[in-house]
Amino acid sequence: MRVRGAVEAATQRRIGRRTIGRGSREPGIWSYPGLISVCVLLPVIEVGLLWGLGMTSALGIAPSVTAPAPFATFHDLRWLMVYHRSWFGLAGETIALLAFRGGLTAALVWLAWPRGAPKPPVNALVRNAALFTLASVVLMAPWVGLLFGLAVMPISWLFFAAVPPVLFVGLLIHAGAVRNGWQFPIGRTAAWIAASFLVLTLSGGALAASPSWLRLPLAAASGLFNAWAWSAIVSALALRTAPRRRLMPVVPLALVVMLVLVAAGAGFGFRANVGNASAATPAPRVPAVSGGQPVLLVSGLGGHWDGIPRRWLPGHLDVRRYSYAGEDAAGHPLPYMSSDTHLPLPDLVAKMGAQVDALHRQSGRPVAIVAESEGALVAKAYMAVTPGAPVDQLVMLSPLVQPARVYFPASGDQGWGLAGGWELREIGSVFRDVSGANVSPDMPVIRSVLNHGPAIRDLLACPLPQTRQLAMFPLADAVATPHPSKIGIPSEVIPAFHGGLLADQKVRDMVSGYLLTGEVSSGPFWPVANKVLRASAAAWQVPELPLTLNPAWNGPSGRSPTCQAMTTSLTEWLR
């Protein structure tokens, strides 16, 4: 019986190849005009709509609208996560997503079915596509949630925690869009999924960085590749003989293991990379240099300080630590814990003003501020609302580029991104249980940023006429935002991850050299790499919520507020 079954299977494969071949070769992609039309037309329409609406930051997402499953589901979920305003609206949009994506997946499988091979009944295709879409929505939702969080606080570790699992899930489950069941993927179709991921990344980057006249041709080209990938995947799976034995459920087990590993790794990564700005600085307890250039050093979210002065920067610099807990009666900064970094932005700005003034009085000289991550946002907001501040230099390490690109309401309220906020709270709970890291999206400082998105989003790019500015970006943070042109101030790129740049002696030397001489250079290669990496990540971002769309936002109106409008809004809020 085994020999007979093997002979029958081989005969079926030979018949399929001979039937499909129509000569010596299988038909090329041009033999599927219907498939090409659908795969090309939808990305072109989406790019045209985004272009017309001025939502160019989301152009990189468009090619995945007809990508092989489950990347197309991932496309839909990112739009859904940002653009809903209530649970009732979310339910309706989810039903629409399942209907649209399930129907489109069934249609693409039907159009891509190999010539001469018997097609399954339409109702079977639709049922299978609907079930697959539902399963892929569930499996993709956690990673969409992390990317939603990236659009709230652009910290690159969220991107690296989300995007590799998307590829991993795609490699494991893509066969389910064509044939039902948890079948272990075959090498040929897995290679096409990997190639699709690469092409989506490249086409998204090209759309993000290309001139406007190239946008529609690029969208059409990416859609053509999607059609090619669909035809190859469906052909390979349609002609594959189904296994006779019941296989071990490798795919579900692999998905569970991946989820646990990512949750643990991301939580520990947060503690290691985001909250290490103070822990990673030099340990020797050497007093600051008296009489040197006064410098206020500001750590980032999750940092802590034991209150002991140290020699944080080399050179003739009088470096004092900014304390998130404030000062004592004598004007000395107090020790602080990581929870002190969670305070609302107005409180942190007020503390910075007091400590800058104290350092200025004690030294009798203008102060330089060196601030990292969240601290850079506090420093830039302080400088924006204090035009007469006694600060002549501002160095921002790992600054947040365009935070609050999306919105979610406070717990118990309704508003845009409601489900995104709920999912971030659940993800934060998982991270806290696994690693002990506190990454709650309801931290007062995050709520401050969310509520005042129009005044915060593009603040980094604003000039400070009386202050020399420098932004030093870790290369990894290039993936955190889709806009390569929203910097607007002098900047350098360092090959590093977000947070804790001052742990690197080379960075400390660069910062000190800049403060003392006004000169710094990281070399010509890293800025180019930063632009390429930033554009390449555009395909995997969530779309922005336009500033004019959200009535809950406090701040200047208009699609792109001016620096003056942002400063006015910040002054009204922070003072």
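The expected span of a helix is 1.5 Å times one less than its number of residues. Helices here are DSSP runs of H or I with at least four residues, strands are E runs of at least two, and both are numbered from the N terminus.

Some background before the details. This is a predicted model, where local features need pLDDT of at least 70, side-chain atom pairs count only at pLDDT 80 or more, and totals for chains, interfaces and linings use all residues. Residues are numbered from 1 along each chain as its sequence is written, and side-chain values use heavy atoms, with hydrogens and water left out.

I start with helix H16, residues 525-536. H16 has 12 residues and reaches 17 Å from its first C-alpha to its last, close to the 16 Å expected at 1.5 Å a residue. Asn530, Arg534, Ala535 and Ser536 of H16 are buried, meaning under 20% relative accessible area, with exposed over 50% and partly exposed in between (1.4 Å probe, protein chains only). Helix H7 (187-209) and strand S6 (491-494) are among the elements that cover these buried residues.

Now the cysteines. How many disulfides does the structure hold? There is 1, a disulfide being a pair of cysteine sulfur atoms within 2.5 Å. Cys462 is joined to Cys563, with S to S at 2.2 Å. The partners are 101 residues apart and link distant parts of the chain: Cys462 lies in the loop between helix H14 (453-456) and strand S5 (468-474), and Cys563 in helix H17 (residues 563-574). The torsion about their S-S bond is about -100°, so the disulfide is left-handed.

Buried or partly exposed? Cys462 counts as buried because its relative accessibility is 3%. Cys563 has 28%, so Cys563 counts as partly exposed.

Terms used
Contact means heavy atoms within 4.5 Å.
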